[in-house]
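I opened the file today to look up one residue and its surroundings. My notes are below.

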Amino acid sequence: MAGRGYDREEALRKMTRLMMQGAVMLGETCPLDGLPLFRLKSGEVVCPVHGRVLIVSTDEEAREAEIEGIIREVRYRAARNVLESLEEGDPKRIKEWLDVIESTERILSLRKPLESREEGEARSKAGKK
Ligand SMILES: [Zn+2]
């Protein structure tokens, strides 16, 4: 495809060379051209066209942290609304806000750090024997 800012054949050649050097193709893509990123044996993450790309993982981490912050904020406000509804004597609204809290807590429990998620998987695999 022309006009994407890189020569496709040249990019494929570079990708092949990276893999021959033992680089691992990652799930993430370069934000500039959408090509898959590669992790070199040295640990560096590179785009076959642009070379070193360091921003991607930290940007993603920052966004993930922001999402978690928003969900915690929703949970906090919902909890305050439960109190308000309690004072108003509105059991239907109390139930609705409790449902919101329950949803946020489910989301937060699914978003545990990677290590504990892997631990959980290992445990469930061990249990399957
Ligand atoms: Zn790139």
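**Entry 1, the model.** I am working from a predicted model.

I looked up where P36 sits. P36 belongs to strand 2, which runs over residues 36-39. Is P36 buried, exposed or partly exposed? I counted 14 other C-beta atoms within 10 Å of P36, so I put P36 down as partly exposed; a buried residue would need 20 or more, an exposed one 12 or fewer.

I left aside the neighbours within four places in sequence. P36 is then in contact with M25, L26 and T29. I also checked M15, which is 21 residues from P36 along the chain. The C-alpha atoms of P36 and M15 are separated by 8.8 Å.

How do strand 1 and strand 2 pair? I found the antiparallel sense, over 3 bridges, with strand 1 covering residues 24-29. M25 stands opposite F38 of strand 2. The two strands form a hairpin, and 6 residues lie between them. In that turn I noted G34, with a positive phi of about 75°.

I then went to helix 1, residues 8-20. Its 13 residues reach 18 Å from first C-alpha to last, close to the 18 Å expected. How many residues of helix 1 are buried? I get 1 of the 13, so helix 1 lies largely in the open. Just after helix 1 comes G22, where I read a positive phi of about 90°.

Definitions and conventions. Residues are numbered from 1 along each chain as its sequence is written. This is a predicted model: local features need pLDDT of at least 70, side-chain atom pairs count only at pLDDT 80 or more; totals for chains, interfaces and linings use all residues. Helices (H or I, at least four residues) and strands (E, at least two) are DSSP runs, numbered from the N terminus. Two residues are in contact if their C-beta atoms, placed from the backbone, lie within 7 Å. The expected span of a helix is 1.5 Å times one less than its number of residues. Two strands pair if DSSP finds at least two bridges between them.
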